Amino acid sequence: GCGICIKKCPFGAIHIENLPEEIEDKLVHRYGENGFALYGLPIPKRNEVIGIIGRNGAGKSTSMKILTGILKPNLGKKEASWDEVLSKFKGTELFNYIKDLRDGKIRAVYKPQYITQAAKLLKGTVGELLKKADERGVFREVVEQLNLTHLLNRDVRNLSGGEMQRLLIAAVIEKDVDVYAFDEPTAYLDVKERLSAARAIRNLIPRNRYVLVIEHDLAVLDYISDLVHVIYGVPGVYGIVSQPYSVRVGINHYIKGYLPSENMRIRDRPIRFETPEAREKFLPTEVYLTWDRMFKRIGDFELEVEPGDARRGEVIGILGPNGIGKTTFIRMLVGELKPDEGFVPTEGLKLSYKPQYVSPEMFKRFGTVKELLKRVREDFLDTSSWYYVEVVKRLGLNKLLEKEIKGLSGGELQKVAVAVALGLDADVYLFDEPSAFLDVEERLAVGNAIRHVVESKGVTAFVVDHDLVIMDLIATRVMIFQGTPGKRGHALPPMSLRRGMNEFLKELGVTFRRDAETGRPRVNKEGSRLDRYQKSIGEYYYTL
Ligand code: ADP
Ligand code: ADP
Ligand code: MG
Ligand code: MG
């Protein structure tokens, strides 16, 4: 099955397995004889930022590599000449673009998805690299916008993931080229960094160029893009590029799980965001855990946690910049660190914990994914069980069962770790950055699964994450961490989403509105009428 409908599509939409034959006309590239096939391409447009959305293995990076000239399309054959490729696009909007690509008239720069590999090729300090890349004389603006000033003398070999990401985005923006392509620019970044990277991409690239962005954080994708293409299909088997939709409409269709222009059902149900009113009304009230002030010093860093409580059936979202003590707090709750002052409210309870950094060693006693999951839940392969349908299948773990844990990719390992944590029976669940490396579909699935587990068992979960759309989907209340990263962290008590987000967004100077159709949060354009109005009344997250 394709992971969407089981047999016959109950929606009367085209079933993804019954592709119309005409689709073969759209074949752009195939990796080897029986390899992954990509149908269609996103359409770059001058002056428009083109967003690309889709599951891991859908062909997003492949399409971007073709459009930047890194990969020459083969039309499904051993090799295709540029003239053949060009004639394929005759009469389409892409014709002129492909012609320029053939004629070498398009200069492109590509921020790759896997930054740790790219990093190995770099030498020197951040400042030296950015001076060298600066073809347009925008060094100062770029460095400031991406918060790299304090890193200019740092050797690039000593950068964290988030610092490396910002460096690469900055270097790409400095180039003077026709096409700027960003493959997953927000990985490793916190919310503030995501929004400033989005602003840099929108504001610091000259007009009249082509800009392409692949992104799984829907709030960021929404903010950066003018148009979006959805790439749907069967991950790892084939991907089909949808028509361009305006960004609001395209993301809404994605959330609703149905693409009308192609009459294509891409999910069996819509994702629902609660209204702010419903959320405030149905806040869980039964206190489940309480904590007094906690204090912890590690090296030069100190964390102070204000007293608070967690309620039965609630998900507490944890938000704050990198280096502010979120993981330190979680590690105190799971007993890995002892607070210098205060007691740990979870002591003696059964805990299930997905740490921020997952490694195969965590599961070293288990060989394959199947063996591991069997230890977690004996019945995990029961296709009628909630766990199989909503976790194993939605995360695509049913396709990884025979794989050795040691051989899993970062994203696969993350999915396994999240599934293990969700599958255990516990009194308190803790997830430290579960959406890292997951695609948008997997993030939504994990969000729904966390909500379900917490509500059906009447327990509590703490979830640290930087994806605000996922936070909005799952958190009943949020804990905001403020202070100076690396020096001092201060954790506020849990507050309603509205109050907490207000506190959080005020510091970032960003306002959100709600999409009328789906209820999802959307970033307001800076200085827009709504942005100015919401700031004036102090409502950064909701308009009433
Ligand atoms: P996405 O970026 O949407 O996650 P990719 O474009 O990277 O997807 O990959 C789509 C599919 O093509 C995947 O199944 C991947 O394994 C396969 N693929 C990617 N690159 C190659 C390659 N060089 N040779 C063979 N298969 C590849
Ligand atoms: P967050 O999860 O919010 O990104 P962390 O809780 O991981 O932040 O870290 C907060 C600060 O504490 C960081 O500056 C980090 O470098 C520091 N820190 C964390 N663990 C240790 C440790 N074992 N030794 C020294 N410093 C540490
Ligand atoms: Mg990719
Ligand atoms: Mg952390």
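A polar contact is a pair of N or O atoms within 3.5 Å. The model discussed here is predicted.

User: What is the distance from an oxygen atom of ligand 2 to an N or O atom in the side chain of Thr327?
Analyst: Two side chains are worth checking here. For Lys326, an N or O side-chain atom sits 2.8 Å from an oxygen atom of ligand 2. For the side chain of Thr327, the distance is 2.8 Å.

User: How much of the accessible area of ligand 2 does the protein cover?
Analyst: On its own, ligand 2 has 560 Å² of accessible area.

User: Which helix gives the largest share of the shell around ligand 2?
Analyst: The shell includes Lys326, Thr327 and Thr328. It divides into four nonpolar, six polar and one charged residue. The largest share is three residues, from helix 12 (residues 326-333).

User: Which residues coordinate the magnesium ion (ligand 3)?
Analyst: The coordinating atoms are OG and OE1, at 2.1 to 2.2 Å. They belong to Ser61 and Gln113.

User: How many residues apart are Ser61 and Gln113?
Analyst: Ser61 is in helix 1 (residues 60-67). Gln113 is in the loop between strand 4 (108-111) and helix 4 (115-120). The pair links distant parts of the chain, 52 residues apart.

User: Are Ser61 and Gln113 buried or exposed?
Analyst: Buried means under 20% relative accessible area. Both Ser61 and Gln113 are buried.

Key:
Residues are numbered from 1 along each chain as its sequence is written. Chains are lettered from A and ligands numbered from 1 in the order in which they are written. This is a predicted model: local features need pLDDT of at least 70, side-chain atom pairs count only at pLDDT 80 or more; totals for chains, interfaces and linings use all residues. Side-chain values use heavy atoms; hydrogens and water are left out. A residue is near a molecule or strand if one of its heavy atoms lies within 4 Å of it. A polar contact is a pair of N or O atoms within 3.5 Å; within protein, one must be able to donate a hydrogen and the other to accept it, and residues adjacent in sequence count only if both atoms are side-chain atoms. Accessible areas come from the Shrake-Rupley method with a 1.4 Å probe; for residues, only the protein chains shown count as cover. Helices (H or I, at least four residues) and strands (E, at least two) are DSSP runs, numbered from the N terminus. Ala, Val, Leu, Ile, Met, Phe, Trp, Tyr, Cys and Pro count as nonpolar, Asp, Glu, Lys and Arg as charged, and the others, Gly among them, as polar. Donors are N, O and S atoms within 2.8 Å of the metal (3.2 Å for Na, K and Ca); water is not among the atoms, so sites may look incomplete. Buried means under 20% relative accessible area, exposed over 50%, partly exposed in between (1.4 Å probe, protein chains only).
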